[in-house]
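Please read it with the structure open beside you.

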Amino acid sequence: METNDEKDIEGTLRAYGERVRLQQKLTAIHSKLDMDAVREEVGLYQAEAQQSGQIRSLWRTYRTTLAVAASVAVITTFGSIFLYRSYQQGHRQQEQQYSLLSKEIQAVKSSQRKLLSDLNGRGRALSVNPAQVSGSGFMLTADGYMVTNNHIIRDADSVYVQSPTGEVYKARVVHADQTYDLAFLQLCDDSAFRALTPVPYSFDAHQSDLGERVYTLGYPREEIVYGEGYLSSGTGYRGDSTAYQVAIGVNPGNSGGPLLDEKGNVIGIISGKQTTSEGVSFAVKTNYLLKALNNIPVDSLKGLPLRLNRKNTLARLPRKLQIKRMQAYVYQVKVFKHKD
């Protein structure tokens with residue numbers, strides 16, 4: 001036998017041996033496999049492949065509808081955001097249309113210096129507590145009870161009032177009524193205060209008629225200022241039934257001033273104005289002043305009853321004399337607070 005033939009036979013035998021060993025290994029591996037688990041895995045794979053195919057089929061069928069729905073959702077979302085912001089802006093604008101008529105004290109610093117010089121011993125305390133707002137108020141009784149707006153004295157550390165002739169008195173807050181924006185002060189605690197002659201006006205709690213000629217006195221400046229007009233609505237801002245709308249020019253500092261009819265009856269208390277319309281003001285009705293008076297706790301009065309005047313001595317007087325009589329009972333209210 002030739003040498004090459006021997007090599008061919010040897011290679012063939014080796015290859016045969018390798019195939020036999022490979023077959024034995026595969027048989028061993030196969031015996032170890034869990035065929036049920038393999039079949040289950042293959043089934044899951046087929047199911048996933050089938051589901052994927054269904055999804056692709058659904059997408060091709062409904063992709064136009066889905067695109068429209070998504071567009072509607074986007075438009076609805078941004079539309080809602082736009083409407084909400086429009087509402088917020090409109091609400092802010094409505095709030096800005098109503099202005100309380102308290103006056104920032106920056107405008108009355110000269111008055112504060114005058115007040116400090118007048119009060120001697122109190123001056124040091126007032127210099128520590130710089131005033132922040134001012135408004136108007138008027139006497140309810142000759143013995144020192146007066147009314148102003150709650151928004152003027154809110155958060156006050158101390159309240160002082162100044163008469164038209166410059167006398168300054170420390171006031172005690174007897175009661176603050178947030179519902180009707182009213183506050184009641186008492187000057188009796190200040191030993192410098194002397195009772196006045198009986199107030200010349202009375203308080204009319206009846207509903208006044210539209211067109212009723214009215215006037216007010218207050219402190220938009222450092223001196224008392226007269227203003228006149230007429231009732232333009234039986235309700236106040238946004239239909240507030242506790243207030244009148246008045247066609248009369250008022251400014252910051254007028255809050256708390258009296259609103260009187262032609263006979264000199266107090267029919268309201270000036271409280272605010274509409275900033276978007278010239279000469280549109282609001283006044284709390286007198287019948288709500290009376291309701292607020294009834295809400296004063298007995299203890300707050302310290303045993304000193306608060307009885308309103310029922311006799312009107314202004315009714316037959318011409319307007320100029322009414323104003324002269326009224327002035328002595330209308331005060332400037334100055335509120336002092338601690339700085340933050």
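1. Does Asp181 count as buried or exposed? With a relative accessibility of 15%, Asp181 counts as buried, where buried means under 20% relative accessible area, exposed means over 50%, and partly exposed lies in between (1.4 Å probe, protein chains only). Asp181 sits in the loop between strand 6 (168-177) and strand 7 (182-186), and its phi is near 55°, a positive value in a residue other than glycine. Most residues other than glycine have a negative phi.

2. Before going further, please note that this is a predicted model, in which local features need pLDDT of at least 70 and side-chain atom pairs count only at pLDDT 80 or more, while totals for chains, interfaces and linings use all residues. Residues are numbered from 1 along each chain as its sequence is written, and side-chain values use heavy atoms, with hydrogens and water left out.

3. On confidence, the mean pLDDT (the predictor's confidence in each residue, from 0 to 100) of the protein is 83, and 82% of its residues reach 70 or more. Over residues 116-121 the pLDDT stays under 50, and the model has eight contacts beyond four places in sequence for that stretch, contact meaning heavy atoms within 4.5 Å. Residues 123-129 also have pLDDT below 50, and this stretch has twelve contacts in the model beyond near neighbours in sequence. Where pLDDT is low, the predicted coordinates should not be read in detail.

4. As for the overall make-up, the secondary structure comes to seven helices and 15 strands, these being DSSP runs numbered from the N terminus (helices H or I, at least four residues; strands E, at least two). Of the 340 residues in the protein, 39% are buried. Among contacts with a separation of 6 or more, 71% are between residues 24 or more positions apart. The protein exposes about 20,300 Å², of which carbon and sulfur atoms supply 52%, the areas coming from the Shrake-Rupley method with a 1.4 Å probe, and for residues only the protein chains shown count as cover.

5. Strand 9 (residues 213-218) and strand 10 (residues 225-233) pair in the antiparallel sense over six bridges, two strands being paired if DSSP finds at least two bridges between them. A hairpin of six residues joins strand 9 to strand 10, and Leu217 has Tyr226 of strand 10 as its bridge partner. Strand 10 also pairs with strand 11 (residues 243-247), in the antiparallel sense and over three bridges, and here Tyr230 stands opposite Ala247 of strand 11.

6. Which residues have the most contacts inside the largest nonpolar core? They are Leu140 and Tyr201, in a core of 46 residues, where a nonpolar core is a set of buried Ala, Val, Leu, Ile, Met, Phe, Trp, Tyr and Cys residues joined through side-chain atoms within 4.5 Å. Apart from it lies another core, of eleven residues, among them Leu101, Ile248, Val250 and Ile270. Leaving aside neighbours within four places in sequence, the contacts of Leu140 include Phe184, Val199, Phe203, Leu289 and Leu306.

7. Phe138, in strand 3 (residues 131-139), is buried, with a relative accessible area of 0%. Its contacts beyond four places in sequence include Tyr201, Phe203, Val266 and Tyr329. The C-alpha atoms of Phe138 and Gly256 are separated by 7.4 Å, although these residues are 118 residues apart along the chain.

8. Phe203, in strand 8 (residues 202-203), is likewise buried, with a relative accessible area of 14%. Beyond four places in sequence, Phe203 is in contact with residues including Phe138, Leu140, Val266 and Leu308, and its C-alpha atom is separated by 5.5 Å from that of Asn265, 62 residues apart along the chain.

9. Lys334 deserves a look: this residue of strand 15 (residues 330-336) is buried, with a relative accessible area of 1%. A polar contact of 3.0 Å joins the side chains of Lys334 and Gln162; such a contact is a pair of N or O atoms within 3.5 Å, and within protein one must be able to donate a hydrogen and the other to accept it, with residues adjacent in sequence counting only if both atoms are side-chain atoms.

10. Finally, Asp155 has a positive phi of about 65° although it is not a glycine. Asp155 is found in the loop between helix 5 (150-153) and strand 5 (158-162), and at 63% relative accessibility Asp155 counts as exposed, whereas Asp181 counts as buried.
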